[in-house]
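Take a look at the model below.

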Amino acid sequence: MNYPFAQRVLEKWRTERLERLEDEEDLQCYRFRFEGSTCTNGGEPFSARFHMKVDKDAIIRKAWIEIPDDSRKGACQMCASPSGDIEEARDFLKSFEKDADFINRALEETVLEEWDLNHAGCLCRRPMINQKWKMVLSTVHYDRNQD
(Lines give C-alpha, C1' and ligand atoms only; values in the text may rest on other atoms or scores of the structure.)
Protein backbone atom coordinates (compact mmCIF):
# COMPACT_ATOMS: atom_id res chain seq x y z
CA MET A 1 0.00 0.00 0.00
CA ASN A 2 1.16 3.53 -0.71
CA TYR A 3 1.11 5.03 2.81
CA PRO A 4 1.42 8.79 3.37
CA PHE A 5 4.49 8.04 5.56
CA ALA A 6 7.68 6.06 4.95
CA GLN A 7 7.66 2.42 6.02
CA ARG A 8 10.61 2.96 8.41
CA VAL A 9 8.60 5.70 10.17
CA LEU A 10 5.54 3.46 10.41
CA GLU A 11 7.67 0.67 11.88
CA LYS A 12 9.12 3.08 14.46
CA TRP A 13 5.67 4.41 15.41
CA ARG A 14 4.36 0.85 15.55
CA THR A 15 7.01 -0.24 18.04
CA GLU A 16 7.39 2.99 20.04
CA ARG A 17 3.97 4.66 20.06
CA LEU A 18 1.25 2.15 19.21
CA GLU A 19 -0.26 -0.11 21.84
CA ARG A 20 -2.67 -2.92 21.10
CA LEU A 21 -5.07 -2.96 24.03
CA GLU A 22 -7.32 -5.77 25.15
CA ASP A 23 -9.99 -6.51 22.56
CA GLU A 24 -13.60 -5.65 23.33
CA GLU A 25 -16.03 -8.22 21.93
CA ASP A 26 -15.26 -8.19 18.17
CA LEU A 27 -13.25 -4.95 18.23
CA GLN A 28 -9.48 -4.55 18.15
CA CYS A 29 -8.51 -1.64 20.39
CA TYR A 30 -5.50 0.61 19.86
CA ARG A 31 -3.89 3.54 21.62
CA PHE A 32 -1.31 5.78 19.94
CA ARG A 33 0.87 8.03 22.11
CA PHE A 34 1.52 11.47 20.66
CA GLU A 35 3.96 14.00 22.10
CA GLY A 36 3.37 17.50 20.80
CA SER A 37 3.72 21.14 21.64
CA THR A 38 1.79 24.34 21.17
CA CYS A 39 2.48 26.27 17.97
CA THR A 40 2.78 29.60 19.77
CA ASN A 41 4.10 30.83 23.14
CA GLY A 42 7.41 29.01 22.94
CA GLY A 43 6.04 25.54 22.29
CA GLU A 44 4.49 24.35 25.55
CA PRO A 45 4.77 20.51 25.56
CA PHE A 46 1.74 18.25 25.98
CA SER A 47 0.82 14.68 25.16
CA ALA A 48 -2.30 13.12 23.72
CA ARG A 49 -3.57 9.59 23.35
CA PHE A 50 -5.38 8.70 20.15
CA HIS A 51 -7.77 5.77 20.65
CA MET A 52 -9.30 3.65 17.92
CA LYS A 53 -11.50 0.56 17.80
CA VAL A 54 -11.65 -1.43 14.58
CA ASP A 55 -13.86 -4.40 13.77
CA LYS A 56 -12.80 -7.65 12.08
CA ASP A 57 -13.71 -6.21 8.66
CA ALA A 58 -11.37 -3.22 9.25
CA ILE A 59 -14.22 -0.77 9.78
CA ILE A 60 -13.44 1.98 12.29
CA ARG A 61 -16.11 1.84 14.97
CA LYS A 62 -14.79 4.38 17.44
CA ALA A 63 -11.99 6.96 17.46
CA TRP A 64 -11.26 9.79 19.88
CA ILE A 65 -8.45 11.80 21.44
CA GLU A 66 -7.63 11.79 25.14
CA ILE A 67 -5.60 14.55 26.76
CA PRO A 68 -4.13 12.97 29.93
CA ASP A 69 -4.54 14.88 33.18
CA ASP A 70 -0.82 15.61 33.41
CA SER A 71 -0.90 17.27 29.95
CA ARG A 72 -4.01 19.41 30.32
CA LYS A 73 -2.08 22.47 31.52
CA GLY A 74 0.14 22.41 28.44
CA ALA A 75 -2.72 21.55 26.06
CA CYS A 76 -4.85 24.46 27.21
CA GLN A 77 -2.00 26.77 26.12
CA MET A 78 -2.83 26.03 22.46
CA CYS A 79 -3.99 29.13 20.59
CA ALA A 80 -7.39 27.51 19.91
CA SER A 81 -8.05 27.25 23.64
CA PRO A 82 -10.23 30.02 25.09
CA SER A 83 -7.92 30.30 28.10
CA GLY A 84 -4.68 28.97 29.54
CA ASP A 85 -6.65 28.09 32.65
CA ILE A 86 -7.66 24.41 32.81
CA GLU A 87 -11.09 25.15 34.30
CA GLU A 88 -11.89 27.80 31.69
CA ALA A 89 -10.62 25.51 28.91
CA ARG A 90 -12.64 22.49 30.10
CA ASP A 91 -14.99 22.49 27.06
CA PHE A 92 -12.04 22.89 24.67
CA LEU A 93 -10.24 19.91 26.23
CA LYS A 94 -13.47 17.87 26.32
CA SER A 95 -14.05 18.51 22.60
CA PHE A 96 -11.22 16.10 21.74
CA GLU A 97 -13.16 13.22 23.31
CA LYS A 98 -15.93 13.20 20.71
CA ASP A 99 -15.77 10.60 17.96
CA ALA A 100 -13.74 11.45 14.89
CA ASP A 101 -15.51 12.21 11.61
CA PHE A 102 -14.45 8.95 9.96
CA ILE A 103 -16.40 6.54 12.20
CA ASN A 104 -17.99 3.58 10.37
CA ARG A 105 -15.64 3.90 7.43
CA ALA A 106 -13.09 1.41 6.14
CA LEU A 107 -9.63 1.85 7.63
CA GLU A 108 -7.75 1.52 4.33
CA GLU A 109 -10.07 3.93 2.52
CA THR A 110 -9.61 6.47 5.32
CA VAL A 111 -5.81 6.15 5.25
CA LEU A 112 -5.77 6.84 1.50
CA GLU A 113 -8.28 9.71 1.51
CA GLU A 114 -6.89 13.19 0.80
CA TRP A 115 -7.24 15.63 3.72
CA ASP A 116 -5.99 19.13 4.43
CA LEU A 117 -2.91 18.58 6.62
CA ASN A 118 -0.64 20.78 8.70
CA HIS A 119 2.44 19.32 10.42
CA ALA A 120 2.52 21.71 13.39
CA GLY A 121 2.88 19.91 16.73
CA CYS A 122 -0.42 21.20 18.09
CA LEU A 123 -4.09 20.23 17.82
CA CYS A 124 -5.42 23.77 17.35
CA ARG A 125 -7.27 23.38 14.07
CA ARG A 126 -8.65 20.65 11.80
CA PRO A 127 -5.55 20.39 9.51
CA MET A 128 -3.27 19.78 12.53
CA ILE A 129 -5.66 17.19 13.96
CA ASN A 130 -6.02 15.57 10.52
CA GLN A 131 -2.26 15.13 10.25
CA LYS A 132 -2.09 13.38 13.63
CA TRP A 133 -5.01 11.12 12.72
CA LYS A 134 -3.22 10.22 9.46
CA MET A 135 -0.24 9.11 11.58
CA VAL A 136 -2.50 6.96 13.74
CA LEU A 137 -4.60 5.50 10.93
CA SER A 138 -1.53 4.65 8.87
CA THR A 139 0.25 3.03 11.82
CA VAL A 140 -2.77 0.94 12.80
CA HIS A 141 -3.29 -0.19 9.20
CA TYR A 142 0.41 -1.01 8.87
CA ASP A 143 0.34 -2.96 12.15
CA ARG A 144 -2.72 -4.98 11.12
CA ASN A 145 -0.97 -6.01 7.90
CA GLN A 146 2.22 -7.22 9.60
CA ASP A 147 0.63 -10.33 11.13
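Which residue in β4 is the bridge partner of His51? It is Trp64. This is a predicted model: local features need pLDDT of at least 70, side-chain atom pairs count only at pLDDT 80 or more, and totals for chains, interfaces and linings use all residues. Residues are numbered from 1 along each chain as its sequence is written, and side-chain values use heavy atoms, with hydrogens and water left out.

Start with the sheet. Helices (H or I, at least four residues) and strands (E, at least two) are DSSP runs, numbered from the N terminus. Two strands pair if DSSP finds at least two bridges between them. Four strands form an open sheet in the order β1-β2-β3-β4, and the pairing is antiparallel. β1 and β4 are the edge strands, each pairing on one side only. On average, neighbouring strands are turned by 20° against each other, direction ignored. Axes here are lines fitted to C-alpha atoms, for helices over the stretch in contact, and angles run from 0 to 180 degrees between N-to-C directions.

Now go strand by strand. β1 (residues 18–24) and β2 (residues 27–37) run antiparallel and are joined by five bridges. Leu21 has Cys29 in β2 as its bridge partner. The two strands form a hairpin with two residues between them. In that turn, Glu25 has a positive phi of about 50°.

β2 then pairs with β3 (residues 45–55) over eleven bridges, again in the antiparallel sense. Arg31 has His51 in β3 as its bridge partner. Phe32 stands opposite Phe50 in β3. Glu35 stands opposite Ser47 in β3.

Six bridges join β3 to β4, and these strands run antiparallel as well. Their hairpin has four residues between the strands, and Ala58 takes a positive phi near 65° there. β3 is mostly covered, with ten of its eleven residues buried. Buried means under 20% relative accessible area, exposed over 50%, and partly exposed in between (1.4 Å probe, protein chains only).

Next, the interior. A nonpolar core is a set of buried Ala, Val, Leu, Ile, Met, Phe, Trp, Tyr and Cys residues joined through side-chain atoms within 4.5 Å. The largest one has 41 residues. Phe50, Met52, Ile65, Met78, Leu123, Trp133 and Leu137 touch the most other members. Elements giving two or more residues to this core include β2, β3, β4 (60–66) and α4 (107–112). α5 gives the most, with eight residues.

Look at Met78 in particular. Contact means heavy atoms within 4.5 Å. Leaving aside neighbours within four places in sequence, Met78 is in contact with Thr38, Phe46, Phe92, Phe96, Cys122, Leu123 and Cys124.

How do the helices pack? α1 (residues 7–16) and α5 (residues 126–144) have their axes 9 Å apart, at an angle of about 85°. They are therefore roughly perpendicular to each other. Angles of 65 to 115 degrees count as roughly perpendicular, under 35 as roughly parallel, over 145 as roughly antiparallel, and the rest as oblique. Gln7, Leu10, Glu11, Trp13 and Arg14 in α1 meet Met135, Ser138, Thr139, Tyr142 and Asp143 in α5.

Finish in a loop. Asp85 lies between α2 (72–75) and α3. Asp85 is partly exposed, with a relative accessible area of 36%. The C-alpha atoms of Asp85 and Arg72 are separated by 9.4 Å, and the two residues are 13 residues apart along the chain.
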